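Please keep the sequence and the 3D view open while going through the points.

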Amino acid sequence: MGKMEKELREKAKELLESGEVAVVIGYGFNRRKTRVTPVFITDPAETDKLVFNALCVNNLSIYLTRKYKDVQRIGRPAIVAKGCDIKNIVVLITEGQVKREDVYIIGMTCEGVAYKQELLKEKLVPEIMPVKCHNCDVRNPHVTDTVIGEKSDFTPPEEPTGMVFDKIKQIESMTATERWDFWNEHFTRCIKCYACRQLCSLCYCEQCITEKNMPQWIETSAHPRGNLAWNLIRAMHLAGRCTFCGECERGCPVNIPLNLVNQKLVLTVKNAFDFESGYDENVHPPMIVFKEDDKESFIK
Amino acid sequence: MTDRYISKESLGTLITTVNKSGGRFVAPVLDARQVVYKEVASIEPVVDDYILPRNSYKEVAFPQTEVIYKYELNRAGVTIDPVEIEARETIVFGARPCEAASLASLNSVFTWDFIDETYTKREERVVVLSVGCINADDECFCTTVNLSPKSTTGSDVALYETDNGYIATPITDKGKAFVKTYSASFADTPKGEKRKELIDPEKIEGVDLTKLGETLAKTENYDNPKWAELTRKCCGCGACTYSCPTCHCFDITDEGTAFEGERRKNWDACQFDHFTLHASGHNPRDTQYKRYRNRFMCKFHIYPTKFNSTGCVGCGRCIRVCPVRLDITELMEAMSK
Amino acid sequence: MSNLYIPHLVTIEDIYEETSDIRSFKLVFKDKELRETFEFKTGQFGLYSAFGLGESTFCLASSPTRKGYIQCTFRKTGRVTNGLGELSIGDTMGFRGPYGNHFPIEEWKGKNILFIAGGIALPPVRSVIWNILDRHEDFGNVTIVYGAKTVADLVYKEELRHWDERPDIKLIQTVDPGGETDDWQGKVGFVPTVLEESKVKAENTIAVVCGPPIMIKFCLGALGKLGFSDDAVFTTLENKMKCGVGKCGRCNVGDIYICKEGPVYTATQIKTMFADF
């Protein structure tokens, strides 16, 4: 990783010195150098703070959204982004949230990250990588202004594999009652901290539906009724948009398996519209466009 | 009162006895791949290999959501039916000495001038059995806020692990009464049973609580650009406040129809952008760093100066749970300069 | 009462449509005893419930000298206020309070009083105005400077007419440029400007200012120019509140809880506070 970091720092320095960008959004170490955390580098002399390694699991694209007025005020950003993070930037572009020319994308080739930082002991092993990494088709980042790192020759399996897909199959085979019980058990734990929403760059609404109270669409209490309503509605709002970056599940302090919900919707949309979000900034997601030949089989 | 001893076996009996007498026994258990405080009916699910449970046990006195009253609209107008506050004896087993200090802090908020009985009635019935830490992780920083695994502030009975049980030191009158009531579960310490050595987490050198307090007390530091620089990464979720043992903010909200329903008191977080939004659209804390600054001020300025209590107990939950790894101790260090 | 958060039931005895979106209620406690014993001081506030929708915080807009009822004035902006906007005379709502501190009017005896208010911020000032007017012999001259965006946004139009006619009050009304109508008799201009032009004498005078944060800021400047000392200038701060009793953690400005130690402050106090309002 040493070489990549060096290249990254040089690029960041060059971008800041030339004035092409005002801030580089990237990863840096904490005090103990045990964890990485988002950093905002504005001074070319501080680009040495930038790091890139298997701890860099956060999807930094949240900082491009209008929720972060404070970051936007700094000026044009460059963002350190893995292929999976770039998928989210692509959706932000297709949905008119970010203009392609308003962000400089430093694409990082990637050999996978840890599912959670705490899991990484000495080196990255497949067991601690999230399912998205095992099936990754963007290890060589796809929409970039520059690419840092050696080309990866990883080929994802033809059929996506991993725990999330196995579990989805298992849930599909359950009866309706069993499924209801399964989800209720998980959603009951929800504490309504909204970490899932806050970590999702596609949840960029300044006023979330849960904050709309005329009428009160979702009960704000963290009781099973309110929790179920929140989680179902959030899932629906991400259908056809979610890129399966996994940030919501990673951030959930009570371990709700949100990846199952979101991947199921990814599969559903793929099946219905032959669409996967996050690949092409010129193609609009199916839920915001209408085509005459759209399948109408969902109306029963 | 001299030290007593409770074996793991007797602990099992204690749990069933408390349950039988109508009390609640709350202990660390494994749930969804993490250790959390939960009500238990027997010793089987209770775990002892943990640093700190994910949640704080404040929820036994200050539940995340509770009904204050039910209302009904009828011909006569409106009828209000207040909900009786359920104040059962509640034993919290396995609390760590750091967070044991927290209920006293919450108490100071819920009782200054007006007394919030929805909290105090429950808190009065809580007995805290703390267990001294023999392990710590990188996020523990109790020693930096002048607490330690040896602290007994807020513990009613301080327990110390041995090979086969716990040596129990009653601290408060409540604790002494508890040991007396359940004396059948306690015994003299058997020969050979010794306290395991407590861990001593390293103090963070750069933090000086006095200087920190002085910095925060000055209004001219309120607009220091450091606030934004160090905390703009905050994603604005409520994970830290909902795990924090001293965060006390709440919302009051109605649920129901125009004809019947209930008024609830729910946890709320000063980190949410709508928390302080005025009806006019004006928001005094309109950016995330201002909201984080408020939380930090609350811990290290408001609690200590206004309520003369501990705002931060150094449990480190907010660091562990933070999805962007915003480390409160790094801010403490920066603001100690 | 054992539970702080349980409101008293009140009946809406009268409704005044102040503007297209501002309403006032005259409220009477259902409990006969409370109706007679309820007391408050000018400047205090309460939490008003629309059952099924929630609670909102408004000041007590009536004067404590008028017994047997309370009044409140609110703009229909959110869930609760829109709910209250749909209630009719005879309907039941909830009230908790009074909370907070008050204007120290006993210390103002013998002094002239200058009232300055903008838009929907007249209600808290109105409570003081009537309190002073009902005991006018104890105080000196009364001057009222009141402005709103447009003529239609002025509240308490009846009372403004009444005050305008009274010889013992000087009332200066103004609307923002562009907000005037053809028959508008008052001034056109922003409140701070009109205030400065009024040349009100600062000597032996107390100023009470209420309005949006930006108006307060400029009025404090104007009052300084007129020679008012910060100790003679009073205002109320309105931060979002849910509990009203210093628990819910919303209204604090640094370590000051507006709901308990406020909402009334002198300009001296305001200037030493953290910038959190």
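1. I begin with Pro225(B), which has its place in helix H7 (residues 225-231) of chain B; helices here are DSSP runs of H or I with at least four residues, strands are runs of E with at least two, and both are numbered from the N terminus. Is Pro225(B) buried or exposed? Pro225(B) counts as exposed because it has 8 C-beta neighbours inside 10 Å, given that a residue is exposed if 12 or fewer other C-beta atoms lie within 10 Å of its own, buried if 20 or more do, and partly exposed in between, with C-beta atoms placed from the backbone. From C-alpha to C-alpha, Pro225(B) and Ala334(B) are 12 Å apart in space, while in sequence they are 109 residues apart.

2. A word on the source: this is a predicted model, in which local features need pLDDT of at least 70 and side-chain atom pairs count only at pLDDT 80 or more, whereas totals for chains, interfaces and linings use all residues. Residues are numbered from 1 along each chain as its sequence is written, and chains are lettered from A and ligands numbered from 1 in the order in which they are written.

3. On confidence, the model scores ipTM 0.92 and pTM 0.93. For chain C the mean pLDDT (the predictor's confidence in each residue, from 0 to 100) is 94, and 100% of the residues of chain C reach 70 or more.

4. Two packed helices are described by the angle between their axes and the distance between the axes. In chain B, helix H6 (residues 209-217) and helix H9 (residues 288-306) pack with their axes 10 Å apart and at an angle of about 90 degrees, where axes are lines fitted to C-alpha atoms, for helices over the stretch in contact, and angles run from 0 to 180 degrees between N-to-C directions. H6(B) and H9(B) are therefore roughly perpendicular to each other, since angles of 65 to 115 degrees count as roughly perpendicular, under 35 as roughly parallel, over 145 as roughly antiparallel and the rest as oblique.

5. Which residues of H6(B) and H9(B) meet? Leu212(B), Gly213(B), Leu216(B) and Ala217(B) lie on the H6(B) side, and Met297(B), Phe300(B), His301(B) and Pro304(B) on the H9(B) side; two residues are in contact if their C-beta atoms, placed from the backbone, lie within 7 Å. By class, this contact has six nonpolar, two polar and no charged residues, with Ala, Val, Leu, Ile, Met, Phe, Trp, Tyr, Cys and Pro counted as nonpolar, Asp, Glu, Lys and Arg as charged, and the others, Gly among them, as polar.

6. Between chains, the contact of chain A with chain B takes 31 residues from chain A and 32 residues from chain B. On the chain A side, strand S2 (36-41) and helices H2 (69-72), H7 (195-198) and H9 (247-251) each supply at least two residues.

7. Chain A is divided into domain 1 (2-148) and domain 2 (163-288), with bounds that come from an automatic or database domain assignment. Their C-alpha centres lie 24 Å apart, and their contact takes 26 residues from domain 1 of chain A and 21 residues from domain 2 of chain A. H3(A) gives the most to the domain 1 side, with nine residues.

8. Chain C is likewise divided into domain 1 (8-99) and domain 2 (105-236), and the contact between them takes 16 residues from domain 1 of chain C and 15 residues from domain 2 of chain C.
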